[in-house]
Amino acid sequence: MTITSRVFAGALAAVIVLGLAPIGHTDTARPMIVVAHPDSDAQAAFLMSNFDETHNHAPGEIELLIWPGDLARLDAAGIDYHVAIEDLLEHDAGGTKADSVQVLPGPDRDDYRRLEDYNAEMKKLAKKNPGLVKLFKMKRPSLEGRTVYGIEIATNVTSSATDGRPIFYIDGIHHAREWPAAEYPMLFAHYLVEKFGKDRKVTSLLKRARVILVPIVNPDGFVYSRESPAQNSFLGAGNGFEGYWRKNRRSLTGVTVPAPRRVNPDAYGVDPNRNYSYLWGDSNGGSSGIPVNQTYRGTAPFSEPETQNVRDIILSRQVTLVVTNHTYQATVLRAGGGRAPEDDILERLGGVVADILGYRNMPSVGYPTTGTTDDWAYAAIGSLGYTIEHGSQGFHPPYDHEVGQFWKQHMDAFVKLLEYSADTRYHSVIKGKVANGPATLTIRKKFLTPLSPGNPTGEKAVRERVKMNLKTMKDGTFEWHLSPSDRPYEKKPENFILTISSGGKSKTIEVHVDRGEVVNLGTIKL
Ligand code: 0X9
Ligand code: ZN
């Protein structure tokens, strides 16, 4: 133990002996950040799977958010550490508010948005820009019954939802406490709307591609964190840990306190970013099978409504690039953790984006993760996939220290990613003309996504299916932009099953299309 931690532990013991610790069996009364110094791989692995790692670590050091009981567990395990931030609440809160109002795309702000702000702004954007922005509800409400909203942005957004344009999917707040991860996508929505018709690049991209944007994938967790009493003091003093909640609000009983509080008081939570199917269920550091752990993966792949919602968008729309936003490591991470068969492309494009952000371009967070969003999207449909870990000063540092200061480079980075999603070198195109057009086209594909060997379901894989629709132009022509028909990790070639229907007749053919390839089916007669 270092001197700081020894002194601290001593002080803490005194507090506990005096019976003043406010939250029962605890060795810290407030959230704090410590940096642990594991002296073996075994200690490092123990830390990764049993503590709340912030991912803001350096070689040989693992930064931890300390929950009640954690310091005692570190001591019991004989792991050396020093206290980096003794009072995280004071460091962040007081706190999350900016010193002045920040001038931003959309409304100017001095603090992080709340769930109502996100929902109201999305509704308003859609209402004011009917041809350009469409509000949608994800298929399932959250566990506590909240509607999960998203918006789609493109020219002719409503009139031609199935016109074959490539889709850039961007989301935030898989993790409740990572507030900037929702701010940046929301600002991007405002930015696109404000630049449309004024900025040549943005205007052209919104004609050629669509943006599907879901700022808050996990609203229950976000509300719990964002409305933390200690950071808002509207319900009296909390202990401050609520603000650092990570997971969703999956609870033991599922009993939800009625409105206006609407919380599951016995929530333990599932980590949505360990709940996707690809390699789900690994216990060797990639995820945890213990419900109270921060990387608890849930009882089955896609057991949570939050991840089912994302899955259903990605399998039913022609998504060519997925970006999921997190905090805080100042990195651009890519699907496959450096082992993707097309890591050269992922690394190169990630590098450009990382340079715009001033972040590091990294294959992975530096430890195994399984069941994550971008890994699954890449494995299942071959879309390019990135996780951006925004910022370096905490999960939600004061607004002006993060969003106010860095928003512009984030807009540039997202525009670049939108550009990549629309670039035919990085996705696939199927085109042709239905002689008896107009026609409706459907692409289907069934496949098995592998789970981790030894996962608790006992299954080797889960069945998933892609189903996407397109309507041709009046003259029967179509151009369908989508991810390749082959899945990247599968050795055997895979085809799309394409059904063309018009005037009561239909025809089904198989189509194979590679990344960067344009397959011209010519004139199709039914
Ligand atoms: O551990 C996570 O879920 C992410 N870090 S965080 O601090 N935001 O919790 C990192 C996920 C990395 N995943 C992939 N690159 N796929
Ligand atoms: Zn995260």
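How many of the nine residues of helix α12 (residues 373–381) are buried? I checked, and the count is nine of the nine, so α12 is largely enclosed by the rest of the structure. My cut-offs: buried is under 20% relative accessible area, exposed is over 50%, and partly exposed is in between, with a 1.4 Å probe and protein chains only.

Housekeeping. I'm working on a predicted model, where local features need pLDDT of at least 70, side-chain atom pairs count only at pLDDT 80 or more, and totals for chains, interfaces and linings use all residues. Residues are numbered from 1 along each chain as its sequence is written, chains are lettered from A and ligands numbered from 1 in the order in which they are written, and side-chain values use heavy atoms, with hydrogens and water left out. Helices (H or I, at least four residues) and strands (E, at least two) are DSSP runs, numbered from the N terminus.

**Entry: α12**
I listed the buried residues of α12, among them Asp374, Asp375, Trp376 and Tyr378. Just after the helix, Gly382 has a positive phi of about 75 degrees.

**Entry: the zinc ion**
I looked up the protein donors of the zinc ion (ligand 2): His175 (ND1), Glu178 (OE), Glu178 (OE) and His326 (ND1), at 2.0 to 2.3 Å from it. Donors here are N, O and S atoms within 2.8 Å of the metal (3.2 Å for Na, K and Ca); water is not among the atoms, so sites may look incomplete. The spacing along the chain reads H-x2-E-x147-H. Glu178 sits in the loop between β7 (167–172) and α6 (180–195), and His326 in strand β9 (residues 319–327), so this pair ties together parts that are 148 residues apart in sequence. Glu178 is buried at 2% relative accessible area, and His326 is buried at 1%.

**Entry: α6 on α13**
The axes of α6 and α13 come within 9 Å and cross at roughly 65 degrees; axes are lines fitted to C-alpha atoms, for helices over the stretch in contact, and angles run from 0 to 180 degrees between N-to-C directions. The two are therefore roughly perpendicular (under 35 degrees is roughly parallel, over 145 roughly antiparallel, 65 to 115 roughly perpendicular, the rest oblique). The contact (heavy atoms within 4.5 Å) includes Phe188 and Tyr191 of α6 and Phe406, Trp407 and Met411 of α13. By class I get 14 nonpolar, one polar and three charged residues. Ala, Val, Leu, Ile, Met, Phe, Trp, Tyr, Cys and Pro count as nonpolar, Asp, Glu, Lys and Arg as charged, and the others, Gly among them, as polar.

**Entry: α11 on α13**
I found α11 (residues 343–357) packing on α13 (residues 403–422) at about 160 degrees, with the axes 8 Å apart. That pair is therefore roughly antiparallel. Leu349 and Ile356 are among the α11 residues in the contact, and Ala413, Leu417 and Tyr420 among those of α13. The classes come out as eight nonpolar, two polar and two charged residues.

I noted a cis peptide bond between Thr327 and Tyr328, omega about 0 degrees. Tyr328 lies in the loop between β9 and β10 (331–334). Ala330 is in that loop between β9 and β10 too, with a positive phi near 50 degrees though not a glycine, and it is buried at 16%.

Another cis peptide bond joins Gly437 and Pro438, omega about 0 degrees. Where did I find Pro438? It is in the loop between β13 (428–434) and β14 (440–450).
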